[in-house]
Amino acid sequence: GSTVLALHSFAGEKLEARVGLEPEVDEAVDLFDGDHATPRQGALEVGLDPYGARWFRLRRDGQRLPP
């Protein structure tokens, strides 16, 4: 019942990724550092370091996530 979004950069420079999400996604929780990101206008914007990766668990409206 959970969705994980994995973003990986294969570029040698910083990038900004923009990912369209379903309207019922309220929040993205970073699985590496616990930070929270809130989608805006149906999309999540995430900065990626050179050759970096970010993994998020997506929380839908009314859904509780395990710690």
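Mentor: Setting aside neighbours within four places in sequence, E16 is in contact (heavy atoms within 4.5 Å) with E45, V46 and G47. This is a predicted model, in which local features need pLDDT of at least 70 and side-chain atom pairs count only at pLDDT 80 or more, while totals for chains, interfaces and linings use all residues. Residues are numbered from 1 along each chain as its sequence is written, and side-chain values use heavy atoms, with hydrogens and water left out.

Trainee: How far apart are E16 and V46 in sequence and in space?

Mentor: The two C-alpha atoms of E16 and V46 lie 5.6 Å apart, although 30 residues separate them in sequence. E16 belongs to strand β2, residues 15-20; strands are DSSP runs of E, at least two residues, numbered from the N terminus.

Trainee: Why is E16 called exposed?

Mentor: Exposed means over 50% relative accessible area, buried under 20%, and partly exposed in between, with a 1.4 Å probe and protein chains only. E16 has 55% relative accessibility and therefore counts as exposed.

Trainee: Where is Y51 placed, and why does Y51 count as exposed?

Mentor: Y51 is in the loop between β5 and β6 (53-60). Its relative accessibility is 60%, so Y51 counts as exposed. Phi of Y51 is also positive, near 55 degrees.

Conventions. Helices (H or I, at least four residues) and strands (E, at least two) are DSSP runs, numbered from the N terminus.
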